[in-house]
Amino acid sequence: MSGKARWWRGNLHTHSFWSDGRAFPEEAIEWYRAHGYNFLGLSDHNVFQDNPDRWIAETGRESYFAEYLSAFPDAETRQTPAGGREARLRTFNELATRFNAPDRFLLLPAFEETRSAEYADGHRSELHMNAVNIPALLPSIAAPDFQRVERDIPLADFLARHAAETAALARSMGRHGLFMLNHPIWTWYDISPEVLVETPDVRFFEVCNNGSPFAPAPGLPDDGFDTDRFWDVVNAFRARRGLPLLYGVGGDDTHVYRGEPHDGMLMPGNAWTLVRAETLSADAIIEAMEAGDFVACEGIEPEDVTFDRSTGTLSVAVAAKAGAARTIRFIVSKRDFSETPVKTLTARPAEKADMPRFERTFRIYDEKIGLVAKTVEGIPGEALCASYTMADDDLYVRARIEEPGEPLCTAALHPQHRFVAWTQPYRR
Ligand SMILES: [Zn+2]
Ligand SMILES: [Zn+2]
């Protein structure tokens with residue numbers, strides 16, 4: 001990469017009052033802008049923020065209105081015929097005009113395609129996917145006969161259809177779009193890694209989704225089936241088949257901004273995506289992500305990541321932090337892994353009143369998938385640099401930076417360390 005490239009910090013998964021987030025869009029954006037983020041995708045469910053006449057009522061949101069009107073006195077409000085008050089939600093264009101600043105902050109158009117598939121046996125899978133840098137809603141979702149729930153469709157077909165429709169929409173608008181699968185292993189979001197092997201057009205997924213600690217519930221097998229395992233299964237199979245590797249994104253999936261109780265959701269700022277690009281533009285950010293030149297971060301970020309393709313050497317550097325002991329692990333999958341699972345686990349997550357739970361099946365493969373090839377322990381308080389050169393039988397290598405402690409996100413399928421950062425997988 002060029003010497004002029006630098007890291008830009010962003011979050012591609014955020015909600016506002018345009019859907020089920022608990023903040024006006026200006027408040028959501030201002031939180032990230034004020035905390036040093038460089039880009040943000042405001043990704044509301046099944047809506048793109050382009051309706052200039054969308055109003056929301058104050059009733060039930062009195063405290064939100066009070067804070068919003070004091071922070072943004074130019075907000076538009078009006079009286080309703082019933083005597084209440086409502087406020088107009090700012091559109092994407094209004095928000096971008098207000099907040100975008102060259103080389104400092106960029107608001108990216110985004111929406112979260114929110115669908116589910118139900119099957120004859122009563123089982124249901126939720127599929128949430130973010131479309132980024134596309135300033136229009138997916139035609140099938142915008143259609144008047146849109147149904148959130150689809151019946152009896154193979155999940156891989158359902159996912160591939162959304163990826164294709166999103167790519168076509170981006171093309172038709174002359175935009176460089178990005179499509180990603182969100183939180184694939186939420187408890188009742190029954191997507192197996194094998195689905196991602198069948199859908200190689202899906203290039204990105206959330207290896208870390210921090211806004212949803214409520215989702216993975218107790219009752220799942222405690223057998224290491226976390227998003228790291230999920231990711232390595234996908235990439236071991238994809239690499240063997242010569243398919244594009246799946247890249248991992250970190251995101252807040254922010255719904256709450258004031259710490260109010262809401263299913264235990266976390267405040268913003270825990271998980272982000274660090275992208276290396278020369279300029280802060282949508283095209284530059286997405287091109288860098290497509291090249292795998294980014295890191296998914298939860299509470300920690302590297303100073304540098306380099307991959308020397310000629311030698312197959314991945315190097316990672318982390319800056320010193322007082323008292324903190326970091327570990328860098330290099331993770332590979334071996335060319336001769338077995339495609340036959342060593343075991344199949346089933347589990348039924350604990351029931352929750354408003355969310356149906358279904359039995360889930362996990363295939364556990366041999367240890368040649370997601371093998372830790374090298375571990376480098378840092379000295380507390382000192383910077384840490386480590387590198388690993390791929391062996392001939394490594395399909396790819398990726399690195400994981402860890403800092404021990406109570407996890408930020410305590411859900412069963414989330415990181416077991418306080419802070420974690422994931423580089424992308426690289427191959428020669
Ligand atoms: Zn979602
Ligand atoms: Zn979301």
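1. Aromatic pairs. In this predicted model, the structure holds 18 aromatic pairs. One of them joins Trp31 and Tyr32, whose ring centres lie 5.0 Å apart with the planes at 70°, so the pair is edge-to-face; the cut-off that matters here is that planes over 60 degrees apart count as edge-to-face. Both Trp31 and Tyr32 are buried. Elsewhere, a single aromatic cluster is formed by Phe17, Phe24, Tyr64, Phe65, Tyr68 and Phe72.

2. The sheet of S3, S5 and S4. Three strands make up an open sheet in the order S3-S5-S4, and their pairing is antiparallel. Strand S3 (55-57) and strand S4 (77-79) are the edge strands, each of which pairs on one side only, and the twist from one strand to the next averages 30°. Between S3 and strand S5 (residues 85-88) there are three bridges in the antiparallel sense, and Ile56 stands opposite Ala87 in S5. Helix H2 (residues 62-71) lies across S3, S4 and S5, and H2 runs at about 50° to S5.

3. The zinc site. Which residues supply the protein donors of the zinc ion (ligand 1)? The donors are Glu112 through OE, His128 through ND1 and His183 through NE2, and they lie 2.1 Å from the ion; along the chain they follow the spacing E-x15-H-x54-H. The zinc ion (ligand 1) is 3.4 Å from the zinc ion (ligand 2), and Glu112 coordinates both ions. His128 belongs to strand S7 (residues 124-132), whereas His183 sits in the loop between strand S9 (178-181) and helix H6 (193-197), so the two histidines tie together parts that are 55 residues apart in sequence.

4. Burial of the two histidines. Are His128 and His183 buried or exposed? His128 has a relative accessibility of 5% and therefore counts as buried, and His183, with a relative accessible area of 3%, is buried as well. The reasoning rests on the cut-off for burial, which is under 20% relative accessible area.

5. Helix H5. This helix (residues 155-172) has 18 residues, and from its first C-alpha to its last it reaches 26 Å, which is close to the 26 Å expected at 1.5 Å a residue. The buried residues in H5 are Leu155, Ala156, Phe158, Leu159, His162, Ala163, Glu165, Thr166, Leu169 and Ala170. In an α-helix there are 3.6 residues a turn, so residues three or four places apart point the same way. The buried residues of H5 pack against several elements, namely strand S6 (106-118), S7, helix H4 (139-142), strand S8 (149-151), S9 and H6. Just after H5, Gly174 takes a positive phi of about 65°.

6. Strand S10 and its partners. In strand S10 (residues 204-209), six of the six residues are buried, so the strand is largely enclosed by the rest of the structure. S10 pairs with S9 in the parallel sense over two bridges, and Leu181 has Phe205 in S10 as its bridge partner. S10 is also joined by five bridges to strand S11 (residues 247-251), with the two strands running parallel; here Phe205 has Gly248 in S11 as its bridge partner.

7. The sheet of S14, S15 and S20. This is an open sheet of three strands in the order S14-S15-S20, with antiparallel pairing. Strand S14 (304-308) and strand S20 (384-389) stand at the edges with a single partner strand each, so one side of each is left without a neighbour in the sheet. On average, and with direction ignored, neighbouring strands of this sheet are turned by 10° against each other. S14 and strand S15 (residues 313-318) run antiparallel and are joined by five bridges, and Val305 has Val316 in S15 as its bridge partner.

8. Ile401. Ile401 is found in strand S21 (residues 394-403) and, at 1% relative accessibility, counts as buried. Which residues is Ile401 in contact with, leaving aside its neighbours within four places in sequence? They are Ile300, Pro302, Val316, Val318, Arg326, Thr327, Ile328, Phe419, Val420 and Ala421. Leu345, in turn, is 56 residues from Ile401 in sequence and 29 Å from Ile401 in space, C-alpha to C-alpha.

Note on methods
Residues are numbered from 1 along each chain as its sequence is written. Chains are lettered from A and ligands numbered from 1 in the order in which they are written. This is a predicted model: local features need pLDDT of at least 70, side-chain atom pairs count only at pLDDT 80 or more; totals for chains, interfaces and linings use all residues. Side-chain values use heavy atoms; hydrogens and water are left out. Two strands pair if DSSP finds at least two bridges between them. Helices (H or I, at least four residues) and strands (E, at least two) are DSSP runs, numbered from the N terminus. Axes are lines fitted to C-alpha atoms, for helices over the stretch in contact, and angles run from 0 to 180 degrees between N-to-C directions. Contact means heavy atoms within 4.5 Å. Donors are N, O and S atoms within 2.8 Å of the metal (3.2 Å for Na, K and Ca); water is not among the atoms, so sites may look incomplete. Buried means under 20% relative accessible area, exposed over 50%, partly exposed in between (1.4 Å probe, protein chains only). The expected span of a helix is 1.5 Å times one less than its number of residues. Rings of Phe, Tyr and Trp (its six-membered ring) pair if their centres lie within 6.5 Å; planes under 30 degrees apart count as stacked, over 60 as edge-to-face and the rest as tilted.
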